[in-house]
Amino acid sequence: MPEDIASLTKKNVDLEKRLKFAEAKIKALADNMTSSKDIDNFASVLEKQMSKDKDFTLKTLQRHAELANKAWDARDAERQKNAEQMHKEAQKQVSDVNKKIEKMTKDTTMEARFKVLETRLTVVESLVKSALSR
């Protein structure tokens, strides 16, 4: 009987060590999450656990609050990243439009110069014809 108690005590201590190690590992993984979806999923698992276990601790509640704040920050970071990407795309589109406008302006200017030269050539040709016909 004392051997059974010693064996059970040893098993209990081993299980507690493994549980603490697993909890530490889960906490480390949760702290390294960056995706708001992953954090929200983990928070919902924690909520389910809290709803099943009515004797949840203040530590569990604080952990849930930390995860909620982290999820909020992750969503903000994702929104900021999306906004920056949209801003870059808009700048690229504006740059493309500006290049097209510059090209059109350059082409129009060249066409106008060509028309002016054509007009001058026509005037010179008519002056030469009138000078030769006299």
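Helices here are DSSP runs of H or I, at least four residues, numbered from the N terminus, and strands are E runs of at least two.

Before I go on, this is a predicted model, where local features need pLDDT of at least 70 and side-chain atom pairs count only at pLDDT 80 or more, while totals for chains, interfaces and linings use all residues. Residues are numbered from 1 along each chain as its sequence is written, and side-chain values use heavy atoms, with hydrogens and water left out.

Back to the pair. Arg79 forms a salt bridge with Asp76, with the closest N and O atoms 2.7 Å apart. A salt bridge means a side-chain nitrogen of Lys or Arg within 4 Å of a carboxyl oxygen of Asp or Glu. Side chains of opposite charge can pair when their charged atoms come close. Arg79 is partly exposed at 46% relative accessible area, and Asp76 is partly exposed too, at 32%. For those words, buried is under 20% relative accessible area, exposed is over 50%, and partly exposed is in between, with a 1.4 Å probe and protein chains only.

How many salt bridges does that rule give? The count is two. In the other one, Lys103 meets Asp107 at 3.2 Å, N to O. Those residues are four apart in helix 3, so about one helical turn separates them. Lys103 counts as exposed, at 52% relative accessibility, while Asp107 is partly exposed at 35%.

Now zoom out. The chain has three helices and zero strands, running α-α-α from the N terminus. Its C-alpha atoms fill a box of roughly 140 × 25 × 15 Å along the principal axes. The radius of gyration is 39 Å, whereas a compact globule of 134 residues would be near 14 Å. That radius is taken over C-alpha atoms, and the globule rule is 2.2 Å times the number of residues to the power 0.38. Buried residues make up 8% of the 134.

How far can we trust it? pLDDT is the predictor's confidence in each residue, from 0 to 100. The chain's mean is 85, and 98% of its residues reach 70 or more. Confidence is lowest in helix 2, residues 36–52, at a mean of 76, and highest in helix 3, at 92.
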